[in-house]
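Hi,

Here is the two-chain model I promised to pass on to you. Have a look at it first, and then read on for what turned up.

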Amino acid sequence: MKKLTLVIGLIGSGLVVLAALVSLVWTPFDPSKVSGIRYGSLTWPHILGTDALGMDTASRLMVGAQTTLLVGILAVAIAALIGVPLGVFVGMGHKTLGEILARGSDILYALPALLLAILLASALGSSVTTASIAIGIATIPVFQRMARASTLTVMSQDYILAAQVSGTPTSVIALRHVLPNIAPLLGVQAAASFSMAILAEAGLAYLGLSAPKTVPTWGRMLRDANFLTQPMQAVIPGIAIVIAVMGFNLLGDGVRDYLDPRLQEVR
Amino acid sequence: MPVLRAALRRLTIFVGTVLVASLVIFLIIQALPGDVAQVTLGVGASPDDVDALRQKWGLDRPLIIRYFEWLGGMLHGDFGASYLKGQPVVSQITPRLAVTLWIVGLSIPLSLLVAIPMGLFSAMMRRRWSGALINALSHVGLAMPVFFLGVLLTMVFAVHLGWFPANRYVPITKSVSQWASRMVLPVMTLVLVQGCFLARYVRAGFIDVLGEDYYRTARASGWTKWRGLVRHGMRNMATSLVTVVGLQISSLLVGAVLIEEVFVLPGLGSLLIDAVGSRDLVVVQGVVMLLVFAVLLINFLVDLAYLWIDPRLRRGAA
């Protein structure tokens with residue numbers, strides 16, 4: 001059962017990464033050029049059909065994987081690079097600052113990511129970057145809380161006391177003792193946040209608040225599909241989103257179970 | 001009265017946060033690029049005309065005065081008037097708020113009705129294939145975008161089977177039966193996705209209870225597994241569930257916009273997106289403030305709910 005989680009996760013996320021990598025050098029057709037008849041059915045050579053303009057769906061799906069991964073990476077990087085230092089900082093002391101940050105992160109945590117994305121898109125124009133930034137900012141509290149909680153656990157260990165007594169500077173303790181110890185948990189969190197970011201971006205793309213029409217994204221493909229005449233053109237990108245989100249989610253779960261047997265369920 | 005003091009403390013924090021949030025929202029909206037007067041008159045307008053319009057709308061007065069006017073107006077239900085359409089923001093918000101509130105208000109209780117039995121069952125049966133199946137199902141539901149499920153349900157129930165209409169929204173005041181037939185699919189979509197999401201928390205909560213001493217004592221004194229879980233598990237699970245449900249309501253108030261898009265429902269989220277598109281900043285400001293207020297209010301109510309659920313908090317602490 002535990003292994004199954006990891007295996008399904010690896011297959012799902014692996015498929016997405018593979019599609020994105022292959023699309024960098026090869027796609028069946030040019031994804032941004034009309035290459036077949038409009039509303040083509042699922043027949044060779046357009047194995048996944050063509051869209052309303054006659055562009056090849058398989059090629060667009062592959063290029064869409066790039067956008068999906070890019071948003072995930074950007075959003076998680078923003079959230080982790082801001083959230084983790086704040087969390088460690090607060091976890092290692094700094095009471096007043098901690099209280100202020102906790103309040104701030106409470107508000108940010110309660111603010112729907114979508115609201116942030118709509119506002120940001122209206123200020124900066126909608127693009128993959130604004131979508132990633134909005135999702136990233138909304139995810140900061142998740143990393144901050146997790147980093148703070150695990151830092152507190154590490155700080156109560158004897159080796160930290162030993163380091164403090166022997167006069168090790170706080171910054172060195174943070175970098176050499178705290179960060180390496182909380183890294184595995186944060187890595188698992190990153191996988192979970194990655195999959196949530198993919199889901200959020202798909203929603204934004206569906207609303208037209210992410211990449212412009214010229215860049216293929218799965219959410220946008222689903223929106224542009226006419227599901228009355230061409231149901232498969234809506235189903236295909238939808239399934240791609242489900243595979244990606246589930247893949248990274250299960251990957252995180254699987255790695256967590258593998259890393260930390262204590263988290264195993266009670267009998 | 002420690003309970004009252006704790007409740008008062010939370011009320012103070014709530015009011016303070018609302019005030020800070022209102023100032024932040026006001027400043028952000030003012031800082032957004034794009035002068036509404038310029039946008040209205042077009043790029044070719046003369047600077048004099050633009051200035052005149054700014055003066056007419058009162059945009060030339062100091063920020064601080066405009067902030068307090070806005071804040072004071074909201075206290076007696078006046079959110080200002082839209083620059084573009086001239087009509088009060090409130091009259092635009094009210095009918096749309098009703099749509100969103102119906103969707104959210106119906107789907108949250110119903111998704112709990114799905115999630116609690118589902119989570120309880122998959123916790124009890126987690127060593128059997130039936131429990132694993134339910135758990136796997138909730139994993140798929142977790143990864144399912146609401147707009148995709150909405151499209152799928154429309155394809156099956158509206159297009160293929162023809163059970164429900166898929167066309168424009170009818171207000172409940174016009175025809176209850178037509179309104180209801182148009183609410184089934186959107187609410188069903190949200191219930192399925194939210195149900196799967198909440199079921200995972202319910203499952204984890206019940207599994208925690210299985211490892212507790214009080215549960216073992218209950219079992220040893222002859223209670224059945226189910227009775228032990230339901231009688232002891234519910235309240236212990238409730239605290240974490242209340243938090244998650246609170247967060248779900250806040251995210252749904254805005255997140256409902258995806259469902260509104262799929263099913264062409266005129267809700268609050270679509271009003272916000274339209275207003276952002278047309279740079280109708282008074283409307284944007286009003287809707288955002290309303291949403292943020294709702295989110296903070298829910299957080300406040302969740303805090304109060306803790307006091308009610310968890311007797312330990314009532315005895316003075318926090």
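In chain A, 70% of the contacts between residues at least 6 apart in sequence join residues at least 24 apart; two residues are in contact here if their C-beta atoms, placed from the backbone, lie within 7 Å. Before going further, please keep in mind that this is a predicted model, in which local features need pLDDT of at least 70 and side-chain atom pairs count only at pLDDT 80 or more, while totals for chains, interfaces and linings use all residues. Residues are numbered from 1 along each chain as its sequence is written, and chains are lettered from A and ligands numbered from 1 in the order in which they are written.

Chain A overall

Chain A is built from 9 helices and 0 strands. Helices (H or I, at least four residues) and strands (E, at least two) are DSSP runs, numbered from the N terminus. Along the principal axes, the C-alpha atoms of chain A fill a box of roughly 75 × 45 × 35 Å. Of its 267 residues, 48% count as buried. A residue is called buried if 20 or more other C-beta atoms lie within 10 Å of its own, exposed if 12 or fewer, and partly exposed in between, with C-beta atoms placed from the backbone.

One helix to look at in chain A is H2, residues 57-91. Its 35 residues reach 49 Å from the first C-alpha to the last, close to the 51 Å expected at 1.5 Å a residue; the expected span is 1.5 Å times one less than the number of residues. H2(A) is mostly covered, with 26 of its 35 residues buried. After H2(A) comes A:Gly93, which has a positive phi near 135 degrees.

A:Arg60 sits in helix H2 of chain A. Is A:Arg60 buried or exposed? A:Arg60 is buried, because 26 other C-beta atoms lie within 10 Å. Setting aside neighbours within four places in sequence, A:Arg60 is in contact with A:Pro31, A:Met55, A:Pro216 and A:Met221. From A:Arg60 to A:Met232 there are 172 residues in sequence and 14 Å in space, C-alpha to C-alpha.

A:Tyr258 belongs to helix H9 of chain A. A:Tyr258 has 13 other C-beta atoms within 10 Å, so it counts as partly exposed.

Where the chains meet

The contact between the chains takes 30 residues from chain A and 35 residues from chain B. On the side of chain A that touches chain B, helices H3 (95-110), H4 (113-124), H7 (170-206) and H9 (231-259) each supply at least two residues. The largest share of that side, 9 residues, comes from H9(A). By class, the side of chain A that touches chain B has 25 nonpolar, 4 polar and 1 charged residues. For these classes, Ala, Val, Leu, Ile, Met, Phe, Trp, Tyr, Cys and Pro count as nonpolar, Asp, Glu, Lys and Arg as charged, and the others, Gly among them, as polar.

Chain B

Chain B has 13 helices and 0 strands, and its C-alpha trace spans about 85 × 60 × 35 Å along the principal axes. Buried residues make up 33% of its 318 residues.

The domain assignment of chain B gives domain 1 (2-75) and domain 2 (89-316); such bounds come from an automatic or database domain assignment. The centres of the two domains, taken over C-alpha atoms, are separated by 32 Å. In the contact between them, 18 residues of domain 1 meet 16 residues of domain 2. On the domain 1 side, helices H1 (2-31) and H2 (36-41) of chain B give two or more residues, and H1(B) has the largest share with 13 residues.

Finally, a helix pair in chain B: B:Leu268, B:Leu271, B:Leu272, B:Ala275 and B:Val276 in H11(B) meet B:Val283, B:Val284 and B:Val287 in H12(B). The residues of this contact divide into 8 nonpolar, no polar and no charged.
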